[in-house]
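Take a walk through this structure, one stop at a time. Keep the sequence at hand as you read.

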Amino acid sequence: MIGRVRPAVLNMASYTPGKAAGQVEAEQGIREVIKLASNESPWPPVPAVQDAIERAISGVNRYGDNRATDIRVALSEWLGINAHSITVGCGSSGLLQQLFMVYVDPGDEVLFPYPSFEVYPIFSTQFGARPVTVPLVGHGFDLDAVAAAVTDRTKLIFLATPNNPTGTSISVEGIGGLLDAIPNDVVVVVDEAYREFNDPEMGDPATLLANHENLIITRTFSKAFGLAGLRSGYALCAPALVEQLDKVRLPFSINNLAQAAVLAAIEHREDAMERVDALITERTRCVAALRAKGFSLPDSNANFIFIPTSDATSEIAEQMEQVGIITRPFPGFGLRVTVGSAEENDRWMTAFFEHAGRNT
Ligand SMILES: Cc1ncc(COP(=O)(O)O)c(C=O)c1O
């Protein structure tokens with residue numbers, strides 16, 4: 001060990017990102033590998049966004065605007081929310097980490113339904129907090145159990161809706177009910193990374209902001225807007241919380257290219273929404289095809305599909321990888337597959353039916 005590494009970090013497992021297509025191509029000696037493991041868009045950014053990134057290249061000798069002011073203003077105009085209630089981060093994961101920096105001391109509790117987004121337990125461990133998990137019920141949330149698990153030590157509650165990896169969501173009424181059931185010094189984080197793919201019937205959690213200062217909503221440009229590689233997300237919350245979050249953001253972490261891309265993405269958001277519609281059509285097709293083959297799976301409100309393959313999960317994922325399809329296995333639970341282009345979906349479903357048929 002070099003120096004006195006914090007015990008919380010020493011005991012942490014290293015983060016293992018999904019394999020890249022090139023890595024699997026090299027490992028397996030095959031070509032045309034597709035990565036359906038990180039819920040990315042299958043398509044490059046829309047042309048107007050690519051143009052904006054190209055134009056911004058010549059300015060990267062300078063730091064970007066630390067507060068990303070133009071993005072806050074553009075988001076405010078788009079969403080009809082005061083710019084003082086908006087902050088921007090290095091991906092929505094960056095904002096989630098900032099929330100830990102603002103709220104979590106060693107020994108605090110961080111509460112979330114589980115399985116859910118893997119960074120919640122990772123950040124909890126990193127900050128020496130105790131991750132408290134509430135099991136999903138039938139792939140959905142048991143919000144009464146979440147409220148009942150709150151203790152004096154609970155600082156943050158994370159609700160991913162739609163949830164990763166199950167694709168299930170919570171209605172605004174459900175979130176409002178939880179907020180009413182818990183002490184108002186516990187902060188509820190509604191992680192809407194997949195909001196653009198969600199069932200509109202679930203409602204907009206932002207409508208709860210006016211009456212709940214302990215609510216924060218995080219969103220991202222990584223998924224629906226196809227900007228995962230540029231790391232940009234935003235949060236909606238009370239101005240007093242924006243002030244704290246802005247103190248702990250790594251300076252200049254929303255880089256120049258990301259800022260240019262996000263501004264263009266907001267301006268041309270209709271183009272991104274056409275792609276979202278195309279992915280939802282593909283998602284419907286895949287779910288129907290899986291059900292027609294006898295697989296039972298929850299409805300997905302995200303850009304991925306969760307197939308409960310229980311004990312066969314790891315083996316199916318390995319076999320699919322050998323034929324060039326990278327998915328995200330949750331061993332013993334199920335397989336999460338990102339919805340891709342029509343061709344990609346045909347390919348993964350063919351491989352899945354072949355291998356899952358043998359293993360389930
Ligand atoms: C539920 C959830 N929240 C947040 C994120 C993070 O997205 P980003 O940091 O790219 O904005 C992801 C990414 O997979 C996710 O699944």
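Asp-299 is exposed, because its relative accessible area is 52% and the cut-off for exposed is over 50%. Bear in mind that the model is a predicted one. Now look from Asp-299 to Ala-13. In sequence, 286 residues set them apart. In space, the two C-alpha atoms are 32 Å apart.

Is Ser-253 buried or exposed? Its relative accessible area is 12%, so Ser-253 is buried, since buried means under 20%. One of its polar atoms lies 2.8 Å from the backbone oxygen of Leu-250.

Helix H12 is the next stop. It covers residues 313-322. Which of its residues are buried? They are Thr-313, Ile-316, Ala-317, Gln-319, Met-320 and Glu-321. Gly-324 follows H12. The phi of Gly-324 is positive, near 90 degrees.

Now turn to the ligand. The ligand sits in the largest pocket. Which residues are around it? Gly-91, Ser-92, Ser-93, Phe-117, Asn-164 and Asp-191 are among them. Ala-193, Tyr-194, Thr-220, Ser-222, Lys-223 and Arg-231 are also part of this shell. Helix H5 (residues 91-103) gives the largest share of the shell, three residues. By type, the shell holds three nonpolar, six polar and three charged residues.

How far is a ligand oxygen from an N or O atom in the side chain of Asn-164? The distance is 2.8 Å. For the side chain of Tyr-194, an N or O atom is 2.6 Å from an oxygen atom of the ligand. Ser-222 has a polar side-chain atom 2.6 Å from a ligand oxygen. How much of the ligand does the protein bury? Taken alone, the ligand exposes 400 Å², and the protein buries 93% of that.

Conventions. Residues numbered from 1 in each chain as written. Predicted model: local features only at pLDDT ≥ 70, side-chain atom pairs only at ≥ 80, totals over all residues. Heavy atoms only, no water. Near = heavy atom within 4 Å. Polar contact = N/O pair within 3.5 Å; in protein donor to acceptor, adjacent residues only side chain to side chain. Areas by Shrake-Rupley, 256 points an atom, 1.4 Å probe, with all protein chains shown as cover. 1 Å grid on protein atoms, 1.4 Å probe; cavity = no way out; pocket = protein on both sides within 12 Å on 5 of 7 lines; lining within 4 Å. Sits in = over half its atoms within 2 Å of the grid points. Helix = DSSP H or I, 4+ residues; strand = E, 2+ residues; numbered from the N terminus. Nonpolar A, V, L, I, M, F, W, Y, C, P; charged D, E, K, R; others polar. Buried < 20%, exposed > 50% of the residue type's maximum accessible area, 1.4 Å probe, protein only.
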